[in-house]
Amino acid sequence: MAHVAEGPVEDGAAGRGPRPPTLLDALLPIVVLIALLALTIIVFGIDATNGPLQVALLISAAFASLMAFKNGYTVAGVAEAAVGGVTSAVGAIFILLAVGSLIGTWNMAGTIPTIVDYGIAIVSPTWFYLTAAVVCALVGMVTGSSWTTAGTLGVAFVGMASVMGLSEATAAGAVICGAYFGDKMTPLSETTILVPRLVGGGLTVGEHVRNMFWTAGPALGISLVIFFFLGLNADPDAAISTDAAREALGQAFDISFLNLLPLLLLVVFAVFKFPPFLSILGSALFAGILALFTQWDAVTAFVDNPDYGPFLTGVHAVFAAMATGFVSDSGVEPIDELFSRGGMASLLTTIWLVLGALSFAAVMEHAGFLQRLLQPIVSRARSRGSLILAVNSSGIGLNVIAGDQYVADVLPARMYRREFSRRGLAPQVLSRAVEDSGTVTSVLVPWNTCGAYISGVLGVSTAAYFPFAFFNLLSPLLDIAYGYLGFKVPKATRDWADDATTPQDPDQDQDPEEPHHE
């Protein structure tokens, strides 16, 4: 994430600090951003994420820079902030590249085809969406990562939906609901560890998770009921029958339990808390090598070079699947279209989107524009309910404006902590509000790092899955409702705002595992 400052950074010339921004200064870059984003969506539609949105973000970052210069910030200072914002995303970018390679080799090794084959044989259309949400919730709790869950089983569930003739958008929504619930309900999650530390007050991860359950549990429960009724009323319209699809899968790949070894290896890595990038890349490489022994016919058809011997064919297949993705050649168009994907190159547009969003966020933060926008919201929140509403609104707004969930978590956690303590509210009330808005809604914004990632790996646009991400939509609404009703809003027994538990910057005070994007 971009560097987070408590106020405008000293950056002026001749020893003078820059001028504090006015509200108009802070609002103008937002107006420009919204106007350009709306224009690109109107002109290009869902294809806007293939380049036009990125251009809009970079132009907006340039405009924000001009506003910063006007207030006395130096070119060198603004440039350094922009570079720092982009640099902070390097960990997330490496994970994106690793997931791209994993999708390519898991397809080539038959891992995803095997999951799809078993899934369509076991799960009926009526129970499909509910099953996808529950399984992804359980896997999310084990891995502690919504990103890993969506990039592995999520891809398979969307694939199953395609084969079964069900809605891919609804399937993506079910995957997201489950993955984000699991991510919030485990002490292995990066944001679940980070947010209590930012809030301070002696808040433990266990206390934070237990208090979050009161919004996350009902949100998932309601989501599962909706998914059940959506499945009950589903009208499958597959291009080929389920039996024909399984037969085509059996012809294109050698379906067996051995193909699930890369998934098992990834779970083992997660349990033993290996770094996410190394875990995902290691599983991808293992799957590529496994394919040479279990899917040789698919490998040779993919490479399609009779001049190569076995060694060169294997090397070519593994590197090509990891770099540009696997291409299936079964002769059955729906099957080939479904499993011809992946590769690091497939996520380069997503990475471009992330870089554009973080450049804009870094300039806005460095110039004090984000803090200036939040200050009136903090000061005008009079009641308990309006204060919790303000935190949720800030988190959602920062996800839209800054395009990064960590900015949306860090700024509200720091800016509201003193006010929550002053009003006698326990720290877990603030931490839950931060997570229910900053973390959970990040996936709903196309140019947010989370939205861009999930859309990229699932192959479903944010606009398409947005109305089916029930858990993510309900979580902040429930938190706000609890705030006004006073339900599960514990009181503090002391003033906790000055507890020295908040790290200066989460980028400088991390466990080996965190924070990186989930």
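Is Lys 273 buried or exposed? With a relative accessibility of 52%, Lys 273 counts as exposed, where exposed denotes over 50% relative accessible area, buried under 20%, and partly exposed the range in between (1.4 Å probe, protein chains only). The structure is a predicted model, in which local features need pLDDT of at least 70 and side-chain atom pairs count only at pLDDT 80 or more, whereas totals for chains, interfaces and linings use all residues. Residues are numbered from 1 along each chain as its sequence is written, and side-chain values use heavy atoms, with hydrogens and water left out.

Most residues other than glycine have a negative phi. Lys 273, although not a glycine, has a positive phi of about 60°. This residue is found in the loop between helix H12 (261–271) and helix H13 (276–294); helices are DSSP runs (H or I, at least four residues), numbered from the N terminus. Lys 488 is likewise not a glycine and has a positive phi of about 55°. Lys 488 lies in the segment after helix H25 (470–485) and is partly exposed, its relative accessible area being 33%.

Salt bridges were assigned where a side-chain nitrogen of Lys or Arg lies within 4 Å of a carboxyl oxygen of Asp or Glu. By this rule the count comes to seven. Asp 183, Lys 184 and Glu 435 are linked in a network of such bridges. Lys 184 lies in helix H8 (residues 168–184) and Glu 435 in helix H22 (residues 427–439), so the pair ties together parts that are 251 residues apart in sequence. Lys 184 is buried at 1% relative accessible area, Glu 435 is buried at 0%, and Asp 183 is also buried. A further salt bridge joins Arg 422 to Glu 419, with the closest N and O atoms 2.6 Å apart. These two residues are three apart in helix H21 (residues 417–422) and are therefore separated by about one helical turn. Arg 422 is exposed, with a relative accessible area of 60%, while Glu 419 counts as buried at 16%.

Asp 336, in helix H16 (residues 333–339), is buried yet has no salt bridge, and Arg 341, the nearest side chain of opposite charge, is 13 Å away. Lys and Arg count here as positive and Asp and Glu as negative, with His and the chain ends not counted. The side chains of Asp 336 and Ser 328 are joined by a polar contact of 2.8 Å, that is, a pair of N or O atoms within 3.5 Å; within protein, one must be able to donate a hydrogen and the other to accept it, and residues adjacent in sequence count only if both atoms are side-chain atoms.

Met 108 is found in helix H4 (residues 90–108) and is buried, with a relative accessible area of 0%. Beyond four places in sequence, Met 108 touches residues including Phe 253, Gly 288, Val 299, Phe 302 and Phe 326, contact meaning heavy atoms within 4.5 Å. Ala 48 is found in the loop between helix H1 (23–44) and helix H2 (52–70) and is buried, with a relative accessible area of 1%. With residues up to four places away in sequence not counted, Ala 48 touches Thr 40, Ile 41, Leu 53 and Gln 54.
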